[in-house]
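Take the fold one piece at a time.

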Amino acid sequence: MHPEALSLWRMHSSLALLGGSYFCSRAVEETQNPKLIIPTIAYQITTKHEDSLKKLSAVVGTDTNIGHKTLSKQFSQLMIRPLSKIPRSKARIVVCDGFDE
């Protein structure tokens, strides 16, 4: 993990501004599957925003195979749609690192 990503993660986590995080590593095989990144982050965000949990549940309820769709489709359905209605005052950051590994 890059020091900058770790620093961002620590700072925003301590300020309760962290919406989610994902760190890829060659040493941890399950972090190398790109199809797990967006569902994992979407789930983490729902633990912080009840409104997004309802919206995400609706998406998954209508498309139970969303985890097998393209990353673009996952991003649109699991991130953009559920989060587009969250007020800016409740916005959080997502820290990702290691995609180049």
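Which residue's side chain does aspartate 63 meet in a salt bridge? The partner is lysine 69, with 3.4 Å from N to O. A salt bridge here is a side-chain nitrogen of Lys or Arg within 4 Å of a carboxyl oxygen of Asp or Glu. By that rule the count comes to 1 salt bridge.

A word on the basis. This is a predicted model, in which local features need pLDDT of at least 70, side-chain atom pairs count only at pLDDT 80 or more, and totals for chains, interfaces and linings use all residues. Residues are numbered from 1 along each chain as its sequence is written, and side-chain values use heavy atoms, with hydrogens and water left out.

Back to the pair. Is aspartate 63 buried or exposed? Aspartate 63 counts as buried because its relative accessibility is 14%. Buried means under 20% relative accessible area, exposed means over 50%, and partly exposed lies in between (1.4 Å probe, protein chains only). Lysine 69 counts as partly exposed, at 28%. Lysine 69 sits in the loop between helix 3 and helix 4. Leaving out residues up to four places away in sequence, lysine 69 touches Lys35, Asp63 and Gln74. Contact means heavy atoms within 4.5 Å. Lysine 35 is 34 residues from lysine 69 along the chain, yet their C-alpha atoms are separated by 8.1 Å.

Now the whole chain. The protein has 4 helices and 2 strands. Helices (H or I, at least four residues) and strands (E, at least two) are DSSP runs, numbered from the N terminus. In that direction the order is α-β-α-α-α-β. Of the 101 residues, 30% are buried. Take the contacts between residues at least 6 apart in sequence: 62% of them join residues at least 24 apart.

Next, the helix packing. Two packed helices are described by the angle between their axes and the distance between the axes. Axes are lines fitted to C-alpha atoms, for helices over the stretch in contact, and angles run from 0 to 180 degrees between N-to-C directions. Angles under 35 degrees count as roughly parallel, over 145 as roughly antiparallel, 65 to 115 as roughly perpendicular, and the rest as oblique.

How do helix 2 and helix 3 cross, and at what angle? Helix 2 spans residues 37-46, and its axis crosses that of helix 3 at roughly 135 degrees, coming within 7 Å. The two helices are therefore oblique to each other. Helix 2 brings Ala42, Tyr43, Ile45 and Thr46 to this contact, and helix 3 brings Glu50, Ser52, Leu53 and Leu56. These residues divide into 5 nonpolar, 2 polar and 1 charged. Ala, Val, Leu, Ile, Met, Phe, Trp, Tyr, Cys and Pro count as nonpolar, Asp, Glu, Lys and Arg as charged, and the others, Gly among them, as polar.

Follow leucine 56 out of that contact. Leucine 56 lies in helix 3, residues 50-62. Leucine 56 is buried, with a relative accessible area of 11%. Beyond its neighbours within four places in sequence, leucine 56 is in contact with Ala42, Tyr43, Thr46, Leu78 and Pro82. Glutamine 77 is 21 residues from leucine 56 along the chain, with 8.1 Å between their C-alpha atoms.

Helix 4 covers residues 71-83, 13 residues in all. From first C-alpha to last, helix 4 reaches 17 Å, close to the 18 Å expected at 1.5 Å a residue. The expected span is 1.5 Å times one less than the number of residues. Buried residues in helix 4 are Gln74, Gln77, Leu78, Met79 and Pro82. Helix 2 and helix 3 are among the elements that cover them.

Helix 2 and helix 4 pack at about 10 degrees, with their axes 9 Å apart. They are therefore roughly parallel to each other. Ile38, Pro39, Ile41, Ala42 and Ile45 in helix 2 meet Leu71, Gln74, Phe75, Leu78, Met79 and Leu83 in helix 4. That contact divides into 10 nonpolar residues, 1 polar and no charged.

Finish at histidine 49, in the loop between helix 2 and helix 3. Histidine 49 is buried, at 9% relative accessible area. Residues up to four places away in sequence aside, histidine 49 touches Ile86, Lys90 and Arg92. Glycine 19 is 30 residues from histidine 49 in sequence and 8.8 Å from it in space, C-alpha to C-alpha.
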